[in-house]
Amino acid sequence: MFVKERMTGNPLTVTRDTGIDEAMNIMKRNHIRHLPVAEKGHLYGFIDEGDLQKASPSSASLLSRNELLTLLAKIKVRDVMPRTLISISQDAAIEEAALLFKQSKRSGLPVVDDAGIVVGVITETDVFASFIEIMGLEKGTTRLTAVVDDRPGTIAEICGVFAENGINIESLVTVPQPEEKLQLIIRGDFPAEGITGKLEEKGIKVTHSVRIGDR
């Protein structure tokens, strides 16, 4: 799954000279929390609700409404947008977006094409929804966890047990563990009880199983 499949395309944008009052109104009217800062398609920055709120006078301010509106109109997007511009390619894998969110601590990212032109916005919520879809949680899935030795052939052996019993594995993830062990997370549409016994007959320790997401 790739960023271009999960992003919101053709996003609303503002320029560096847009007033933060106007930027706030755009977010409010369109029920969005992020805005790319772009001019002729070229990306210059990216702002979110938090950036605008930090620049706004406190609710305890003694300014009148007119004074407040005048002040907000004078503050431009260029004054509040983060100095470091972080973006992601539309062709990036969704896992790359997840890692970039963790590293940048941002809740949204501008998406660009090969020419550096802004083509979309992707949010943490989009990535979260992607992983729910990848794991098949909404349609219902069995999640089985096993701990095995980290050695060549182990995964093939486990897959063989499933194949011998006519069970399809929809996804398999390995998580390194201490002492040269691997934790395997296996997902599929199967009852856990029968296959658990077959695995343990082969010396494969099943530590957990659960059914998730059945409607």
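Predicted model: local features only at pLDDT ≥ 70, side-chain atom pairs only at ≥ 80, totals over all residues.
Residues are numbered from 1 along each chain as its sequence is written, and side-chain values use heavy atoms, leaving out hydrogens and water. Helices (H or I, at least four residues) and strands (E, at least two) are DSSP runs, numbered from the N terminus.

**Helix α6**
- The buried residues of α6 are I94, A97, L100, F101 and S104, and they lie on the same side of the helix because they cover an arc of only 115 degrees around the axis, the arc being that of the directions from the helix axis to the C-beta atoms.
- These buried residues pack against α1 (3–6), β4, β5, β6 and α7 (124–134), with contact meaning heavy atoms within 4.5 Å.
- After α6 comes K105, whose phi is positive, near 60 degrees.

**The sheet**
- Four strands form an open sheet in the order β1-β6-β5-β4, with mixed pairing, where two strands pair if DSSP finds at least two bridges between them.
- The edge strands, each pairing on one side only, are β1 (8–9) and β4 (88–89).
- Strands β5 (residues 108–112) and β6 (residues 118–123) run antiparallel and are joined by five bridges, and V112 stands opposite V118 in β6.

**T8 in strand β1**
- T8 lies in strand β1 and is partly exposed, with a relative accessible area of 48%.
- Leaving aside neighbours within four places in sequence, T8 is in contact with V119, G120 and V121.
- T8 and T123 are 115 residues apart in sequence, yet 8.8 Å apart in space, C-alpha to C-alpha.

**Nonpolar cores**
- The largest nonpolar core has 15 residues, and among those with the most contacts inside it are L144, F162, I186 and I195; such a core is a set of buried Ala, Val, Leu, Ile, Met, Phe, Trp, Tyr and Cys residues joined through side-chain atoms within 4.5 Å.
- Two or more residues of this core come from each of β7 (141–149), α8 (154–164), β9 (181–188) and α9 (192–201).
- A second, separate core of 13 residues includes M27, I47, L52 and V77.

Technical notes:
Buried < 20%, exposed > 50% of the residue type's maximum accessible area, 1.4 Å probe, protein only.
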